[in-house]
Amino acid sequence: MNMAMNVIGVRTNKRLEIVDITDRVVEEVKESDIQNGIAVIYSLHTTTAVVLNEGESRLLEDLETMLERLIPRGAGYRHDVIDSNADAHLRATLLGNSVVIPVSDGAPVLGTWQRVLFVELDGPRNRRVNVTVVGE
């Protein structure tokens, strides 16, 4: 069993932004020299998320709209007295901070439309995402 781990940086430009990091994940898996196993893509922040979904622009806009409707900013959350970002923490909890992707023949196994999406919920910021590949 082998393991390779690296952290990739993501610069966001808006408070709520979805960044497609699929190509960077593919490169990390390739550079790991692991042919078969799993890749864990994990955000190192409590106000971001990592999800798998289609990267179509209108769908991403729909996702942003859904998050704003489900968990609106400034809705009287108790955590807001500290730093006014409770909505970002709650949204991150809803979406999750990691995904696991099978690796086969040295590449992530993704469905036809699946993309690895980093979701910024409290930007703009410089963020870090850990990519760990485990296998043979």
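**Strand pairing**

I started with strand 3 and strand 5, which run antiparallel and are joined by six bridges. Within that pairing I looked up Ala39 and found its bridge partner in strand 5 to be Ile101. I then took strand 3 against strand 8: the two pair in the antiparallel sense over seven bridges. There, Tyr42 stands opposite Asn130 in strand 8.

**Confidence**

I noted that this is a predicted model. The pLDDT averages 98 over the protein, and 100% of the residues score at least 70. I checked the elements as well: strand 7 has the highest mean pLDDT (99), and helix 3 (residues 80–83) the lowest (96).

**Thr132**

I went back to strand 8 for Thr132, which is found in that strand. Is Thr132 buried or exposed? Its relative accessible area is 14%, and the cut-off for buried is under 20%, so Thr132 counts as buried. I listed what Thr132 touches, leaving out residues up to four places away in sequence: Met3, Ala4, Met5, Ile38, Ala39 and Val40. I also found a polar contact of 2.6 Å between the side chains of Thr132 and Asn130. Ala39, which Thr132 touches, is the residue I had already noted as the bridge partner of Ile101.

**Nonpolar cores**

I looked up the largest nonpolar core next and recorded 18 residues in it. Ile21, Val25, Ile41, Val116, Phe118, Val129 and Val133 have the most contacts inside this core.

Setting aside neighbours within four places in sequence, Val129 is in contact with Asn6, Val7, Ile8, Val10, Ile21, Ile41, Tyr42 and Phe118. I also recorded a second, separate core of twelve residues, with Ala49, Val51, Leu67 and Ala88 among them.

**Salt bridges**

How many salt bridges are there? I have the count as eight, and I wrote up three of them.

The side chains of Asp87 and Arg15 meet at 2.8 Å, N to O. This pair links distant parts of the chain, 72 residues apart: Asp87 is in helix 4 (residues 86–95), and Arg15 is in the loop between strand 1 and strand 2 (17–20). I checked both for burial. Asp87 counts as buried at 0% relative accessibility, and Arg15 counts as buried at 17%. Both residues also belong to a network of salt bridges that links Arg15, Asp87, Arg91, Asp122 and Arg125.

Next I took Arg115 and Asp20, whose side chains meet in a salt bridge of 2.8 Å, N to O. Arg115 lies in strand 7 and Asp20 in strand 2, so this pair ties together parts that are 95 residues apart in sequence. Arg115 is partly exposed, with a relative accessible area of 27%, and Asp20 is partly exposed at 36%.

Last, I looked at Arg58 and Glu56, whose side chains meet in a salt bridge of 2.7 Å, N to O. Arg58 counts as exposed at 57% relative accessibility, whereas Glu56 is partly exposed at 23%.

Note on methods. Residues are numbered from 1 along each chain as its sequence is written. This is a predicted model: local features need pLDDT of at least 70, side-chain atom pairs count only at pLDDT 80 or more; totals for chains, interfaces and linings use all residues. Side-chain values use heavy atoms; hydrogens and water are left out. A nonpolar core is a set of buried Ala, Val, Leu, Ile, Met, Phe, Trp, Tyr and Cys residues joined through side-chain atoms within 4.5 Å. Buried means under 20% relative accessible area, exposed over 50%, partly exposed in between (1.4 Å probe, protein chains only). Contact means heavy atoms within 4.5 Å. pLDDT is the predictor's confidence in each residue, from 0 to 100. Helices (H or I, at least four residues) and strands (E, at least two) are DSSP runs, numbered from the N terminus. A polar contact is a pair of N or O atoms within 3.5 Å; within protein, one must be able to donate a hydrogen and the other to accept it, and residues adjacent in sequence count only if both atoms are side-chain atoms. Two strands pair if DSSP finds at least two bridges between them. A salt bridge is a side-chain nitrogen of Lys or Arg within 4 Å of a carboxyl oxygen of Asp or Glu.
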